[in-house]
Protein chains: 2
Amino acid sequence: MADTATDLTAAINAAVDTYIDLLTNGTPEQIADLYAETFSVEDPIGAPLRTTRDELVEFYGLICNLDEHKATLKWKKVAGNTAVFEFHLFTKAGDAGFEIQPVDVMVFDENGKVSSMRAVWDPATDLKQV
Amino acid sequence: MADTATDLTAAINAAVDTYIDLLTNGTPEQIADLYAETFSVEDPIGAPLRTTRDELVEFYGLICNLDEHKATLKWKKVAGNTAVFEFHLFTKAGDAGFEIQPVDVMVFDENGKVSSMRAVWDPATDLKQV
């Protein structure tokens with residue numbers, strides 16, 4: 001049991017690191033692969049839930065298909081089946097650069113796949129043009 | 001609608017500040033009053049859910065009834081119906097001092113009452129004797 005918990009903690013830590021790396025270097029499909037078969041994504045909080053792989057791929061395409069996109073992990077904290085982490089995201093399309101710094105809450109299933117993601121940031125106040 | 005959203009954001013910000021203050025200066029009953037009629041508390045993540053007022057009062061009594069207990073908010077971030085915040089908690093009973101620094105995720109109902117609280121910290125690694 002202890003080993004199983006330790007394994008899950010390690011898997012969750014690795015999944016968060018991979019998520020951040022893929023936001024810079026990956027494809028929408030690779031990011032979607034981090035999710036469980038059944039999941040929900042609320043990003044930002046208050047947005048309609050995304051629950052299908054097609055919606056995920058479309059959503060992450062909004063980042064991964066831009067001219068420039070770079071995510072940097074600020075910190076993460078993992079306990080049980082849950083990770084909370086803050087990251088900085090810079091995107092640029094043409095001359096328009098934007099940055100946000102969300103705090104994401106991810107819940108994982110027993111296989112280390114994301115079953116729920118909620119991103120705490122407010123488009124009205126947190127989206128900065130740079 | 002914008003006013004309602006702004007009001008909820010203000011109510012959530014105030015509730016988090018009150019929560020931290022009550023962990024130092026309040027009673028378990030005052031803390032329980034911050035919760036909605038229907039709620040769940042998972043603290044730390046992985047612990048059995050607490051869902052009744054009696055369980056809440058007993059739980060917060062574990063802190064509020066100690067000789068010394070002081071909570072300090074490190075930061076908070078609010079979006080939509082959700083707050084995420086980190087705080088430092090010091091407790092002392094007799095000669096035994098302990099500190100933890102959880103990241104709590106609180107979801108609020110439309111009246112600004114807590115409907116869900118999950119505390120991200122791991123007793124195995126985050127509980128420090130001081």
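What follows covers ring pairs and then the interface, in a predicted model.

## Aromatic pairs

Over all chains, the search returns 13 aromatic pairs. One of them joins Tyr19(A) and Phe85(A). Tyr19(A) sits in helix α1 (residues 2-25) of chain A, and Phe85(A) in strand β3 (residues 82-93) of chain A. The pair therefore ties together parts that are 66 residues apart in sequence.

Are these two residues buried or exposed? Tyr19(A) is buried, at a relative accessible area of 2%. Phe85(A) is buried too, with a value of 0%.

## The pair in chain B

Tyr19(B) and Phe85(B) also form an edge-to-face pair. Here the distance is 6.1 Å centre to centre, with 70° between the planes. Distant parts of the chain are linked again: helix α1 (residues 2-25) of chain B holds Tyr19(B), strand β3 (residues 82-93) of chain B holds Phe85(B), and the two are 66 residues apart.

Tyr19(B) has 3% relative accessibility and counts as buried. Phe85(B) is buried as well, with a relative accessible area of 0%.

## Ring cluster in chain A

Which residues do ring pairs link into a cluster? They are Tyr19(A), Tyr35(A), Phe39(A), Phe59(A), Tyr60(A), Phe85(A) and Phe87(A).

## Interface area

Now to the contact between chains. It brings 19 residues of chain B against 19 residues of chain A. The buried area between the two is about 1400 Å², and carbon and sulfur atoms give 67% of that. Of the area that chain B buries against chain A, Lys77(B), Ala79(B) and Val120(B) supply 35%, more than any other three residues.

The interface of chain B and chain A holds two salt bridges. In one of them, Asp126(A) pairs with Lys77(B), with the closest N and O atoms 3.0 Å apart. Lys77(B) is also among the three residues that supply 35% of chain B's buried area. Across the interface, six residue pairs are in polar contact.

On the chain B side, the elements that give two or more residues are β2 (68-79), β3, β5 (103-108) and β6 (114-120) of chain B. β2(B) gives the most, with four residues. By type, the residues on this side divide into eleven nonpolar, four polar and four charged.

Methods. Residues are numbered from 1 along each chain as its sequence is written. Chains are lettered from A and ligands numbered from 1 in the order in which they are written. This is a predicted model: local features need pLDDT of at least 70, side-chain atom pairs count only at pLDDT 80 or more; totals for chains, interfaces and linings use all residues. Side-chain values use heavy atoms; hydrogens and water are left out. Rings of Phe, Tyr and Trp (its six-membered ring) pair if their centres lie within 6.5 Å; planes under 30 degrees apart count as stacked, over 60 as edge-to-face and the rest as tilted. Buried means under 20% relative accessible area, exposed over 50%, partly exposed in between (1.4 Å probe, protein chains only). Contact means heavy atoms within 4.5 Å. Buried area is the accessible area (1.4 Å probe) that two parts lose on being put together, summed over both. A salt bridge is a side-chain nitrogen of Lys or Arg within 4 Å of a carboxyl oxygen of Asp or Glu. A polar contact is a pair of N or O atoms within 3.5 Å; within protein, one must be able to donate a hydrogen and the other to accept it, and residues adjacent in sequence count only if both atoms are side-chain atoms. Ala, Val, Leu, Ile, Met, Phe, Trp, Tyr, Cys and Pro count as nonpolar, Asp, Glu, Lys and Arg as charged, and the others, Gly among them, as polar.
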